[in-house]
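Dear colleague,

Please find below the structure that I am handing over to you.

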Amino acid sequence: MLINTEKTTDLNQISLTGVRSILLLWMLIDGPKTLEEIREEFINLKIMEPEHSNDILRIDLNTLRTMGCDITHATSKTNFRYVIKKHPFALNITRDEIALLRKVYKKVKDTSNILLLFKYDNLFKKLAAHVTDSEIKEELYGLSVLKNFELGTITELLEDCKENNILKLIYNTPGAKEDSRKEVAAQKLVFQNDKIYLWGYDLNKKEAVTLNIKRIKSILSRIQNSEIFKLKGTYVKFFLENFGVNNLEENENILETRKDGFVVEGNYYNDFIAMQRILSFGSACTVLEPEEFREKIIQKLKDMRKCYND
């Protein structure tokens, strides 16, 4: 809340009780406050004089209570802070509305980029901040797919991708007995299957890699880089049976339309991304070429079957 503290003469011409009450409400919504914290803020904003008694503050608290605010007393149970538990200006969001938000969000999250997911996360937090029902508040916080991620880490990786930084990092490779050291040029951060992946170029293996950011144990250093690494990518030609064309991605094109489906070509970042996409189609998809990738898919399916049978 912004108040022009230089125009004290203007403040004297209006109800200081009203100004203090509005500011006090805002302060308590922001978080529990002691009487001294409230007093200090009021004096700094020049809406209370240092020689004034704390009785003025107690009157302001009672004014808010009269308006319908449920404010606790400052006792040892509240760590001697005033806590606002409910107020008439809060948002009244029902569980049906939460369910609707969850349904809509579920439809858009999988096609959203990281920056858009940040905006949704911020929206849910802002809504939760103006809800007094603790259970509804927690449900709003729980809607965001970013709730289980360290947002600071994501922000840093987004900047690394923007600057094309080379990262020296420790990575926990699935199935490996020991963590590995990698040197990767960061290129893109992608949300896929409720995970966030760092797409990059492995300088040691000379190939594109896809790293689950939760498996990055630590980043040892960041080096500025101006070199652009050219990636070969993975091309796959496949047949889709009875599949809606509206569900194809931008990097996929229809080569041929048949009575029972479509022949599609796709260009993917690397084998890992291509394999994830092909497997997502299930039994509706048949890989046509290249033969090498077709064999990889067959072997992957055999491994998965063996794993489930075991």
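The lining of the largest pocket comprises ten nonpolar, eleven polar and seven charged residues (Ala, Val, Leu, Ile, Met, Phe, Trp, Tyr, Cys and Pro count as nonpolar, Asp, Glu, Lys and Arg as charged, and the others, Gly among them, as polar). Please note that this is a predicted model, in which local features need pLDDT of at least 70 and side-chain atom pairs count only at pLDDT 80 or more, while totals for chains, interfaces and linings use all residues. Residues are numbered from 1 along each chain as its sequence is written, and side-chain values use heavy atoms, with hydrogens and water left out.

The pocket

A pocket is an open set of points on a 1 Å grid over the protein atoms alone, where a 1.4 Å probe fits, with protein on both sides within 12 Å along at least five of seven lines; lining residues have an atom within 4 Å of a point. The largest pocket holds about 1000 Å³ of space, the volume being that filled by probe spheres set on the points, which are joined across faces, edges and corners. Of its 28 lining residues, Asp110, Thr111, Phe191, Gln192 and Glu249 lie nearest the centre. Two or more lining residues come from each of helix H5 (95-109), strand E4 (180-192), strand E10 (261-268) and H9 (helices, H or I with at least four residues, and strands, E with at least two, are DSSP runs numbered from the N terminus). E4 contributes the most, with five residues.

The salt bridges

The whole structure contains 17 salt bridges (a side-chain nitrogen of Lys or Arg within 4 Å of a carboxyl oxygen of Asp or Glu).

Glu249 pairs with Arg277, the closest N and O atoms being 3.8 Å apart. Glu249 is partly exposed at 34% relative accessible area, whereas Arg277 is buried at 13% (buried means under 20%, exposed over 50%, partly exposed in between, with a 1.4 Å probe and protein chains only).

In a second pair, Arg222 and Asp160 have their closest N and O atoms 2.8 Å apart. Arg222 belongs to strand E7 (residues 216-223) and Asp160 to helix H8 (residues 151-163), so parts 62 residues apart in sequence are tied together. Asp160 is buried, at 2%, and Arg222 is partly exposed, at 37%.

Yours sincerely
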